[in-house]
There are 2 protein chains.
Amino acid sequence: MAGPKGNAVIGQSGGPTAVINRSFIGAIIEARKHEEILELYGARHGIQGMLNDEYVPLFAQPNFVLQQISTTPAAALGSVRHKPAKEECSKIFKNFKKMNVRYFFYIGGNDSAETAYIINSFAADEGYDLRVVHIPKTIDNDLLVTDHCPGYGSAAKYVASAFIGDNEDNRALKGVKINIVMGRNAGFLTAASTLARQYPKDGPHLVYMPEMAFDIDRFLKDIEKTFNEHGRALIAISEGISRQGIYKLKAGEKPDYISKWLDSFVNINLPKKYMPVDENKAVEVDSHGNVNLSGSSMMGEILAFIVKNTLNIKRVRADTLGYPQRSFPLAISEIDASEAYKVGVDAVIAAVQKNFDEGSVAIKRTDEDGIYKIHTLITPLQSVQRRTKTFPEDWIVEDGTIDERKFREYAVPLVGELPMAGRFIKAIF
Amino acid sequence: MAGPKGNAVIGQSGGPTAVINRSFIGAIIEARKHEEILELYGARHGIQGMLNDEYVPLFAQPNFVLQQISTTPAAALGSVRHKPAKEECSKIFKNFKKMNVRYFFYIGGNDSAETAYIINSFAADEGYDLRVVHIPKTIDNDLLVTDHCPGYGSAAKYVASAFIGDNEDNRALKGVKINIVMGRNAGFLTAASTLARQYPKDGPHLVYMPEMAFDIDRFLKDIEKTFNEHGRALIAISEGISRQGIYKLKAGEKPDYISKWLDSFVNINLPKKYMPVDENKAVEVDSHGNVNLSGSSMMGEILAFIVKNTLNIKRVRADTLGYPQRSFPLAISEIDASEAYKVGVDAVIAAVQKNFDEGSVAIKRTDEDGIYKIHTLITPLQSVQRRTKTFPEDWIVEDGTIDERKFREYAVPLVGELPMAGRFIKAIF
């Protein structure tokens, strides 16, 4: 151990997960053990707090408080979606110097890794000795290098459990049920719906991923076929489905989202006082350039409307699974929670090593004799920032169908136990 | 015990709950103990199976199967929303006579009680000796006579837990968040969102119930005030809010649902092949006369759109909590589950009594020294069929605000333990 002696700053960034606070608390508890770190300051709402000098010292918090926060969903420090500009970095570093900050931990997804990368580059340019560590989290599971991301296992457990319940619901009151699942640019969370299949005819019967080109007429044919076979159809659709599908996107090309296409047929003409003053404010884009898809519950409703109109099926419903996917407190995967804690701890351990420079904590799977096992490693910030990983192409059979065996081998250990549905049995004698 | 010797039929009806199968399994296990009941037949999809002669004998199912089904959400026999017409009753009774059915158990809400009432009246008119018992379930908690309905506690636990997570989410990324909660004509489930309040500034900050008249301009002012005070606003809205509010509805008057009003400003103009052939098919009404509100996720999106446009708040989101409220397998209230089991058991015990005629199982609260306690009683079918109960008027302070103390005294025992969120503390020395 031979990092510089000084203070440390930690922040949380991007969309919450059910276990991001485990990483946060893991980092606090580990940081207290290292004499190189004099105090760990929490930045309120990440970069925003760093710009406004809003820091809270964390070492004095009693263990019972840390324990309770670690099991609380979302981001205890507050989160933010903001990419710092150059002049903002100057402002941040004025504070860093004044506070003698030598360690910076940033918990988040690929956008947050980009922020960490920007901060690290600024420090290097200034010749300021700062060790920057990105701690991964995302329910989308779309970070590069790492085998999987803390936060994914619990979100996947929520999605799988919701589909287990909804499969029973759909068996009880037959019809077509469409569930829109989170995951802008990767289908991992949508694929987690297939973990709900426990008996041969269980749903989801069809699974549409953002990686594959979505064709509405093909989709309608798939439903018709499924409905004719089972008398019902339970369907998982990613909020990020597009006309091209991510696999076929050319470099620099933006996906034509189906949600946007469907929205273009919707005209909301409220009394004038309820309408936008500026028509251009309709689409919301954050400073990382992400289009806001949170309004995708329209997509579910419009798709249900189309299914009803074209297939002459009476009972068609849609749900958009929404924020409970990332913050429901009763569907936390134990393995996910413990790994989230571990990446927080390991970030601190790495940062105080003699030759540490910068990096992001990644998980490598090192199963032994088929028993799930992992270790962590440090990968350069450059390798995880901005870009995202997609669902492996050879795990998809065709649009609507994934290779369940390959996916289960990957996902089951991350999600852990799921509630088991019961079925009547036929007497065999 | 002196009921007639014969067979029994059991069916499930209406929207699923997380614990309706507990009542079902409770009835099977109890029925096996009584020699009056030779066999218990399960009707597939309730009245629908009774019309199509689809019955399954249940006594031979092994206990481990019953155990597993009891913890499975939704309706293991299949459910239905159908009110039998006179000629359908004739058909059902042809089978009942052939099968020597002397007991009929129907698990459901007030619509299902109406079905049980119709079946019972038909038997009386025919002079056919049939004992009819309605077993209550509903997540809406809107049955008359009973203190509360099995199914409500678990749905309330889901809603409260979702709000606990979402309150953290909304604290982390500040803005306005609207959650649409189930409950067509009673605000009990929407009120359950307030159980999420654990610390002074916790949401939901505003709660809109179907009982109260909803005024959009008042609603916007409420949000503005809350947002100015907290820098955020978490809001619970019942899917069933209307212009008049149920309390002010005149006899025979239908509520003007806000969801329908908002829909009237939305024009969906898809390519012709995706549009309805018959324009009148837009609104779906079941044979009990209930308007389908499942498409209420549009309401959340449009309300969010209005808030954004009028209050100049950047981050406004809406979720419609959807089917997980009634079928999520990981948010089951233990007390709700055990009471659901008990009403199934007690329905059978009542039915085989010497002088039993007909009725619905109701729960009476008989707390002793402030300790929660219940017993069941039988109330005539007439007293629970068709009509529904509303949230008590003196538990509402004004629109947007309920009397939390009165509601908690009622609801906390039904929901049981909830996950506790953690907060940093200020050092006091």
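The exercises below concern a predicted model.

**Exercise 1.** Determine how helix 1 of chain B and helix 12 of chain B are oriented to each other, and which residues make their contact.

*Solution.* Begin with the axes: those of helix 1 (residues 20–31) and helix 12 (residues 334–351) of chain B come within 7 Å and cross at roughly 40°. Turning to the residues, helix 1 of chain B contributes, among others, B:Ile20, B:Phe24 and B:Ala27, while the contributors from helix 12 of chain B include B:Ala337, B:Tyr341 and B:Val348. Sorted by class, the residues of this contact comprise 13 nonpolar, three polar and three charged.

**Exercise 2.** Work out what relation links chain A to chain B, and describe how the two chains meet.

*Solution.* Chain A is superposed on chain B by a rotation of 180° with 0.0 Å of shift along its axis, at an RMSD of 0.0 Å; that is why the relation is that of a two-fold axis. The same surface serves both copies, since 100% of the contact residues of chain A recur in chain B. Among the residues of chain A, A:Asn267 comes closest to the rotation axis, at 2.5 Å (C-alpha). Finally, strand 9 of chain A pairs with strand 9 (residues 266–268) of chain B in the antiparallel sense over three bridges, and A:Val266 has B:Ile268 as its bridge partner.

Conventions. Residues are numbered from 1 along each chain as its sequence is written. Chains are lettered from A and ligands numbered from 1 in the order in which they are written. This is a predicted model: local features need pLDDT of at least 70, side-chain atom pairs count only at pLDDT 80 or more; totals for chains, interfaces and linings use all residues. Axes are lines fitted to C-alpha atoms, for helices over the stretch in contact, and angles run from 0 to 180 degrees between N-to-C directions. Helices (H or I, at least four residues) and strands (E, at least two) are DSSP runs, numbered from the N terminus. Angles under 35 degrees count as roughly parallel, over 145 as roughly antiparallel, 65 to 115 as roughly perpendicular and the rest as oblique. Two residues are in contact if their C-beta atoms, placed from the backbone, lie within 7 Å. Ala, Val, Leu, Ile, Met, Phe, Trp, Tyr, Cys and Pro count as nonpolar, Asp, Glu, Lys and Arg as charged, and the others, Gly among them, as polar. Copies are superposed by least squares on the C-alpha atoms of residues with pLDDT of at least 70 in both. Two strands pair if DSSP finds at least two bridges between them.
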